[in-house]
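This briefing covers charged side chains: how they pair and where they gather. Please look at the structure before reading on.

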Amino acid sequence: MVSVITTFDLEPNKYVVRKGKRSLVLRFKMPKAQQLSNEEVSKILHLKLLCKTVKETLKLLNRSKSMIYRVVTRKKPYESKPRSGRPRVTDIRSDRRIQRMA
């Protein structure tokens, strides 16, 4: 008989699978994110104001330690960085003109 016990309230991303007398702890990796949303940044900063440690914060929000440190130790206000890519050839006004002609 196999039974699965979730300990989500105590530790997120942790499942204990018991088979007879043996038990096996399964942990899941943190999700990879390219960019934090403004909501998540405000949650991290709010938890910092409530004197929560980084370890408690990462367990609550399911984010990596380095991501939380990056938000907490940032000197200027948190804003998303402009994404790299090919520069535009036409401006917005030219795009509208091209669409009208098509």
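The model is predicted, so local features need pLDDT of at least 70 and side-chain atom pairs count only at pLDDT 80 or more, while totals for chains, interfaces and linings use all residues. Residues are numbered from 1 along each chain as its sequence is written, and side-chain values use heavy atoms, with hydrogens and water left out.

**Salt bridges**
- Three salt bridges are found in the whole structure (a side-chain nitrogen of Lys or Arg within 4 Å of a carboxyl oxygen of Asp or Glu).
- Glu39 and Lys43 form a salt bridge at 3.5 Å, N to O; both sit in helix α1 (residues 38-49), four residues apart (helices are DSSP runs of H or I, at least four residues, numbered from the N terminus).
- Glu40 and Arg63 pair at 2.8 Å, N to O, linking helix α1 to the loop between α2 (54-61) and α3 across 23 residues.
- In the salt bridge of Arg88 with Asp95, the closest N and O atoms are 2.2 Å apart.

**Exposure of the paired residues**
- Arg63 is buried, at 14% relative accessible area (buried is under 20%, exposed over 50%, partly exposed in between; 1.4 Å probe, protein chains only).
- Glu39 is exposed at 53%, and Lys43 is partly exposed at 39%.
- Arg88 is exposed at 56%, and Asp95 is partly exposed at 26%.

**Positive patch**
- Arg70, Lys76, Lys81 and Arg83 form a surface patch of positive charge (patch residues have over 30% relative accessible area and no salt bridge, with like charges joined within 9 Å).
- Arg70 lies in helix α3 (residues 65-72) and is partly exposed at 45%.

Key
Patch = residues over 30% accessible without salt bridge, like charges linked within 9 Å, V, L, I, M, F, W, Y side chains within 5 Å. Areas by Shrake-Rupley, 256 points an atom, 1.4 Å probe, with all protein chains shown as cover. Lys, Arg positive; Asp, Glu negative; His and termini not counted. Charge placed at Lys NZ, Arg CZ, Asp CG, Glu CD. Helix = DSSP H or I, 4+ residues; strand = E, 2+ residues; numbered from the N terminus.
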